[in-house]
Amino acid sequence: MKLPCPFCGLRDAHEFSYLGDAGPHRPETAEGFHDYVYLRDNPAGLLQELWYHGQGCRSWLVVERDTLDHSVTGARLARGGRS
């Protein structure tokens, strides 16, 4: 699988570390924190994920990937905020 890095271009996925789903938002109170940390869905289909380019520019990316066929439709820097 190849991932498009905004700085380095198309790179092999082995250069990146996967963090997880970029969708869940950290709750502001303790209530709901258990569900945020431990109870995650495993959806099939298009998903936004957090990846770290550790063997490249060391940037955090939000990658849009289809979990059914591993096709990547886009990537952007994570520091731009959540969408």
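Tyr52 counts as partly exposed because its relative accessibility is 21%, and a residue is buried only under 20% and exposed only over 50%. The model in which this residue is described is predicted.

Tyr52 lies in strand β4, which covers residues 46–52. Leaving aside residues up to four places away in sequence, Tyr52 touches Glu15, Phe16 and Ser17, and also Arg58, Ser59 and Trp60. Another pairing concerns Leu19: 33 residues separate Leu19 from Tyr52 in sequence, while their C-alpha atoms are 7.4 Å apart in space.

The chain that holds this residue contains 1 helix and 6 strands. Along the sequence these elements follow the pattern β-β-β-α-β-β-β. Of the contacts between residues at least 6 apart in sequence, 46% join residues at least 24 apart.

The table gives values for the chain.

| Property of the chain | Value |
|---|---|
| Box filled by the C-alpha atoms, along the principal axes | roughly 40 × 25 × 20 Å |
| Buried residues | 23% of the 83 residues |
| Accessible surface | about 5800 Å² |
| Part of that surface belonging to carbon and sulfur atoms | 51% |

With regard to charge, the chain carries 9 positive and 11 negative side chains. The centres of these two sets lie 10 Å apart.

In summary, Tyr52 is a partly exposed residue of strand β4, and its contacts include Phe16 and Trp60.

Technical notes
Residues numbered from 1 in each chain as written. Predicted model: local features only at pLDDT ≥ 70, side-chain atom pairs only at ≥ 80, totals over all residues. Heavy atoms only, no water. Helix = DSSP H or I, 4+ residues; strand = E, 2+ residues; numbered from the N terminus. Buried < 20%, exposed > 50% of the residue type's maximum accessible area, 1.4 Å probe, protein only. Contact = heavy atoms within 4.5 Å. Areas by Shrake-Rupley, 256 points an atom, 1.4 Å probe, with all protein chains shown as cover. Lys, Arg positive; Asp, Glu negative; His and termini not counted. Charge placed at Lys NZ, Arg CZ, Asp CG, Glu CD.
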